[in-house]
Amino acid sequence: MKKIYLLSSTSGDTCSFIQDYPEGEESIMGRAVDRSWHPFGNDYSAITLELSRNDFGKRNYQFDFSSALNPFFVVSEDAINKLKNILEPRGQVLPVITESKKKKFLGYYPTNSLSGCFDMDKSVYRVAERGLIIERPVLVASNITDEYLFSINEDISRVFVTDKFKKRVEEAGLLGFDFSEEIPAV
């Protein structure tokens, strides 16, 4: 059986991006959740991002992936190029604005939501007004039809990746990905 991981970025020694947006405007996180895994349309325009400090107080662009705005991710152009055949068919690559002079970053929003993959009997969740609040997901392995990266209809913000995705990231030498949270799949 393949292993499934939560798609997230490292913390501590790597920096990440946060959004700088005017008062009264909805954040990209909120807008992405509202999309429910459907592509952004013509109403999307490049968002402005600020580099946040790592746990040691340093600021640098020595990473390829930031999940701080999950379910909207920030990915280096190098990572997009190395993972193009995985990322592009499964989501949107969108422009973002950063202060980085040497390294280009892009936004990534997954749009390939799967159904029938959420085990309601084994997961820990509660029902809320706008859907489920999932505390601990358990997935149905036999219904996971994607070999690399996917989201599920029941969860508004989690994105999952397989061990094949992890292997590609490691082979490419990309920085900032964290595969420490394995998701049960039965």
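Ring pairs join Tyr5, Phe65, Phe73, Phe165, Phe177 and Phe179 into a cluster. Here, rings of Phe, Tyr and Trp (its six-membered ring) pair if their centres lie within 6.5 Å; planes under 30 degrees apart count as stacked, over 60 as edge-to-face and the rest as tilted.

Before I continue, a word on the basis of this talk. This is a predicted model, in which local features need pLDDT of at least 70 and side-chain atom pairs count only at pLDDT 80 or more, while totals for chains, interfaces and linings use all residues. Residues are numbered from 1 along each chain as its sequence is written, and side-chain values use heavy atoms, with hydrogens and water left out.

The structure contains 17 aromatic pairs. One of them is formed by Tyr44 and Phe72, which are stacked at 6.4 Å centre to centre, with 25° between the planes. Tyr44 lies in the loop between helix H1 (28-35) and strand S4 (47-52), and Phe72 in the loop between strand S5 (65-66) and strand S6 (73-76), so this pair ties together parts that are 28 residues apart in sequence. Helices (H or I, at least four residues) and strands (E, at least two) are DSSP runs, numbered from the N terminus. Both Tyr44 and Phe72 are buried, that is, under 20% relative accessible area, where exposed means over 50% and partly exposed in between (1.4 Å probe, protein chains only).

I turn now to Arg35, which is found in helix H1. Arg35 is partly exposed, with a relative accessible area of 26%. In space, Arg35 and Ile156 are 9.0 Å apart, C-alpha to C-alpha, although 121 residues separate them in sequence.
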